[in-house]
Structure formats: structure tokens, C-alpha cells
Amino acid sequence: MSRDELLGLPVAIDLVTAARALGIGRTRAFELIRRGEFPVPAVRVGTTWRVPTAPLLQLLGLSGDQ
């Protein structure tokens, strides 16, 4: 994902989009979630996982004000 795409993300995103931003595959992302090792917080909402964008951007060295 480009810097502009990352900065344009909504407040929370699905796990697959977060994985794409981190450059990892869907299967690996779900494996890390199951182990409790995904590098940013994730919240289970029903049957889906949601990832807050702010910690993801912080991990990637970006923030909304840059």
C-alpha cells in the first residue's frame, strides 16, 4: 500500500487490509491473531476482526498529521 492509501484508511479496518499494509498474507495474519502475536491490537466483532488504524500507522512510522 502507498503512503497516501495508508493515511486515507478509516478509523478501523479489517484484518486482511491490515495484513496487506504490513506486507503479510491473509493466512499469516490469521495465524498471528490465533497465537495472540499480531503486531497491533485487534478486536473481534462478531465473526470478523477489526484493527484500529492509529496503532497500525504508528507501527509503520506514519501518522495522520504527516
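This is a predicted model: local features need pLDDT of at least 70, side-chain atom pairs count only at pLDDT 80 or more; totals for chains, interfaces and linings use all residues.
Me: Is Gly25 buried, partly exposed or exposed?
Reply: The scale is this: buried means under 20% relative accessible area, exposed over 50%, and partly exposed in between (1.4 Å probe, protein chains only). Gly25 has a relative accessible area of 38%, so the class is partly exposed.

Me: Which pattern does the protein chain follow along the sequence?
Reply: The protein chain has four helices and three strands. Read along the sequence, they give the pattern α-β-α-α-β-β-α.

Me: How does the radius of gyration of the protein chain compare with the globule rule, and what is its value?
Reply: The radius of gyration is taken over C-alpha atoms, and the globule rule is 2.2 Å times the number of residues to the power 0.38. For 66 residues that rule gives 11 Å, and the chain comes close to it, so the chain is as compact as a globular protein of that length. Its C-alpha trace spans about 35 × 20 × 15 Å along the principal axes. The radius of gyration itself is 11 Å.

Me: What share of the 66 residues is buried?
Reply: For the chain as a whole, the accessible surface comes to about 4,200 Å², with 53% belonging to carbon and sulfur atoms; such areas come from the Shrake-Rupley method with a 1.4 Å probe, and for residues only the protein chains shown count as cover. Of the 66 residues, the buried share is 27%.

Me: In what order do the three strands form the open sheet?
Reply: Two strands pair if DSSP finds at least two bridges between them. The edge strands, each pairing on one side only, are E1 (12–14) and E2 (43–45). E1 and E3 (residues 48–52) pair in the antiparallel sense over three bridges, and Ala12 stands opposite Pro52 in E3. The order of the sheet is E1-E3-E2.

Me: Which helix lies across E1 and E3?
Reply: Axes are lines fitted to C-alpha atoms, for helices over the stretch in contact (heavy atoms within 4.5 Å), and angles run from 0 to 180 degrees between N-to-C directions. The helix in question covers residues 15–22 and runs at about 95 degrees to E1. The name is H2.

Me: How many salt bridges does a search of the whole structure find?
Reply: Side chains of opposite charge can pair when their charged atoms come close. Here a salt bridge is a side-chain nitrogen of Lys or Arg within 4 Å of a carboxyl oxygen of Asp or Glu. One of them joins Arg28 and Glu31 at 2.7 Å, N to O, two residues of helix H3 (residues 26–35) that are three residues apart, about one turn of the helix. The search finds three.

Me: Which residues do salt bridges with shared partners join into one network?
Reply: Glu31 also meets Arg35 in a salt bridge (2.6 Å, N to O), four residues apart in H3. Glu37, partly exposed at 44%, forms a salt bridge with Arg35, the closest N and O atoms being 3.4 Å apart. The network joins Arg28, Glu31, Arg35 and Glu37.

Terms used: Residues are numbered from 1 along each chain as its sequence is written. Side-chain values use heavy atoms; hydrogens and water are left out.
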